[in-house]
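Please read the points below with the sequence and the structure side by side. They go from the whole chain to single residues.

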Amino acid sequence: ICRWSISWSEPEQRYSCVVHDVTELRAIEELKQQFLLIASHDLRSPLTAVAISISMALDGRHGSINDKQRLELEKAQRSMTRLTDLIGDLLELGTLESQTFVIESACVRAYNVCAIAAETLEAMATQAQVKLVKPHNDGLMFGDQGRLVQVMINLLSNAIKFSPPGAQVILAVDQLDQFIELSVSDSG
């Protein structure tokens, strides 16, 4: 498989052509896509099993649970839902030949994006002895809430990992002209 590049040189009044053999690159790309599909598919089964176990615990099938346990299980259930959605996105990406990614934009509250990310990583922060400070402001944004939450989770996770015990990680929402800026500040 070859990729051709043709360009016109005005001063020399001639075309030049460069041919690149991309056979190996295509084979590597196909292997990456196959791996992505297999890994994504294989992750779905254990995730489904964990989600079912959490649901059964919430339904009281393994005995009664107190309010604190219920709260933690509900957080875990929401995290499992987000993780399952991400795995679905990976599967979708692996099957798309056009390599496009669909973004489902809607009106999103900036505070909610930060709050969901903070709630998802609350146990991690507690274990690291790091205090999460949620934003004091809010604002409306147009975007894909799931993707925005995932970005904030990634930033927040890194901030928690690299912050010393006793530190604060601050999530902020700021209005900048016509834009909303979400930020994560840490002392790590």
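**Notes on the predicted model**

1. The accessible surface of the protein chain comes to about 12,900 Å², and carbon and sulfur atoms account for 56% of this area; the areas come from the Shrake-Rupley method with a 1.4 Å probe, and for residues only the protein chains shown count as cover. This is a predicted model, in which local features need pLDDT of at least 70 and side-chain atom pairs count only at pLDDT 80 or more, while totals for chains, interfaces and linings use all residues. Residues are numbered from 1 along each chain as its sequence is written, and side-chain values use heavy atoms, with hydrogens and water left out.

2. The protein chain has 5 helices and 7 strands, and from the N terminus on these elements run β-β-α-α-β-α-α-β-β-α-β-β. Both kinds are DSSP runs numbered from the N terminus, helices being H or I with at least four residues and strands being E with at least two.

3. The radius of gyration of the protein chain is 23 Å, whereas a compact globule of 188 residues would have one near 16 Å; the value is taken over C-alpha atoms, and the globule rule is 2.2 Å times the number of residues to the power 0.38. Along the principal axes, the C-alpha atoms fill a box of roughly 80 × 45 × 35 Å.

4. Of the 188 residues in the protein chain, 24% are buried, where buried means under 20% relative accessible area, exposed means over 50%, and partly exposed lies in between (1.4 Å probe, protein chains only).

5. Serine 163 sits in the loop between helix 5 (145-161) and strand 6 (168-176), and with a relative accessible area of 8% serine 163 is buried. A polar atom of the serine 163 side chain lies 2.6 Å from the backbone oxygen of alanine 159.

6. Most residues other than glycine have a negative phi. Glutamine 13, however, has a positive phi near 55 degrees; this residue is found in the loop between strand 1 (2-9) and strand 2 (14-21) and is partly exposed, with a relative accessible area of 49%.

7. Aspartate 177 is not a glycine either, and its phi is positive at about 50 degrees. Where does aspartate 177 lie in the chain? Aspartate 177 belongs to the loop between strand 6 and strand 7 (179-185), and at 75% relative accessibility aspartate 177 counts as exposed.

How values were computed
A polar contact is a pair of N or O atoms within 3.5 Å; within protein, one must be able to donate a hydrogen and the other to accept it, and residues adjacent in sequence count only if both atoms are side-chain atoms.
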